Amino acid sequence: MCHRGPCGLVFLLSTLFQLCHAWSVNNFLMTGPKAYLIYSSSVAAGAQSGIEECKHQFAWDRWNCPERALQLSSHSGLRSANQETAFVHAISSAGVMYTLTRNCSLGDFENCGCDDSRNGQLGGQGWLWGGCSDNVGFGEAISKQFVDALETGQDARAAMNLHNHEAGRKAVKSTMKRTCKCHGVSGSCTTQTCWLQLPEFREVGSYLKEKYHKALKVDLLKGAGNSAASRGAIMETFNSISKKELVHLEDSPDYCLENKTLGLLGTEGRECLKKGKTLSKWEKRSCKRLCGDCGLSVEERREDMVSSCNCKFHWCCAVRCEQCHKSVTKYFCVKKEKRERSGGGIIRKKELKLKKKI
């Protein structure tokens with residue numbers, strides 16, 4: 001059992017330490033263990049950001065990015081090759097690339113700076129490349145060295161994982177933002193110089209979630225052996241698919257039901273959302289998706305929330321707050337015939353029947 005943070009992150013770090021003696025990055029970078037130590041903290045932080053984004057994007061889905069899903073290597077026990085696996089590999093790769101690029105821009109690495117390779121060139125009508133673009137080329141190169149090294153297989157699953165790693169890196173590039181500065185007399189905008197900046201990582205996650213919904217299934221798993229001819233056919237097939245698209249080999253299981261073999265908990269006991277002005281349509285339909293469509297009922301529970309309030313600053317120097325109690329309504333998926341013992345008797349919990357359309 002893993003006791004130190006998310007299991008996937010621990011596995012990722014332990015694997016990287018095992019591999020560090022074999023690392024060799026491009027000529028413009030240092031090589032060997034010293035180079036590994038420089039980038040390792042950024043790689044770990046990037047992997048963590050990928051984990052957190054995965055949990056955010058799937059918080060109200062039947063599959064909600066459980067801990068077992070966060071291990072990247074084929075030898076980690078994660079042997080499924082479905083859409084969810086595809087997303088995990090893509091968002092992890094994107095997180096590592098994103099963090100390396102951001103840390104490069106912050107000056108954390110001596111051998112990395114702005115990407116000014118196109119400065120002075122015409123970018124479009126009325127603007128030129130200039131300024132200090134985030135160096136995604138650097139982040140891409142180092143991310144590829146670290147993350148792709150975790151995949152040592154040569155079969156269809158390995159090809160799928162590597163393809164989705166690349167899709168994650170493409171997602172970072174595709175969501176870059178162009179920022180411009182005007183130049184001209186008296187504040188006019190006769191010409192502009194523009195550069196590329198990283199977006200918020202949430203945008204990368206949302207971009208990949210859209211790709212997840214459109215992921216392409218590749219029928220290679222059954223008949224794809226490990227011979228040179230089979231490997232060639234596998235490579236040819238994946239090369240024919242856009243590197244921006246997520247790919248998978250297997251259909252996803254029924255996430256409604258508990259499956260201990262696959263490490264799935266099912267949706268019984270999961271919280272769902274029904275009301276709220278800021279909820280998206282996807283969130284508002286979570287009770288139907290998690291409960292109703294899985295043969296479960298929605299149970300309403302009133303919970304007492306305690307928070308700090310009416311905080312005041314007292315000279316000198318302390319902030320004192322009161323404790324405020326607020327009753328909130330939450331909704332959970334329960335079995336239709338669920339009962340609870342209360343004292344010596346048995347009582348039936350109040351159930352809310354789902355309407356046909358939520």
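This is a predicted model: local features need pLDDT of at least 70, side-chain atom pairs count only at pLDDT 80 or more; totals for chains, interfaces and linings use all residues.
With 41% relative accessibility, cysteine 182 counts as partly exposed.

**View 1. Cysteine 182 and cysteine 189, joined by a disulfide.** The two sulfurs sit 2.0 Å apart. Cysteine 182 is partly exposed at 41%, and cysteine 189 is partly exposed too, with a relative accessible area of 39%. Both values fall between the 20% and 50% cut-offs, so neither cysteine is called buried or exposed. Look along the S-S bond and the torsion comes out at about -75°, so this disulfide is left-handed.

**View 2. The disulfide between cysteine 54 and cysteine 65.** Here the S to S distance is 2.1 Å. The link is right-handed, with 115° about the S-S bond. It ties together distant parts of the chain, eleven residues apart: cysteine 54 belongs to helix H2 (residues 33-57), while cysteine 65 lies in the loop between H2 and helix H3 (83-105).

**View 3. Cysteine 272 meets cysteine 287 in a disulfide.** S to S, this one spans 2.1 Å. Its torsion about the S-S bond is about 85°, so the disulfide is right-handed. Distant parts of the chain are linked again: cysteine 272 comes from strand E7 (residues 271-272) and cysteine 287 from helix H9 (residues 286-290), 15 residues apart. Cysteine 272 and cysteine 287 are both buried.

How values were computed
Residues are numbered from 1 along each chain as its sequence is written. Side-chain values use heavy atoms; hydrogens and water are left out. A disulfide is a pair of cysteine sulfur atoms within 2.5 Å. Helices (H or I, at least four residues) and strands (E, at least two) are DSSP runs, numbered from the N terminus. Buried means under 20% relative accessible area, exposed over 50%, partly exposed in between (1.4 Å probe, protein chains only).
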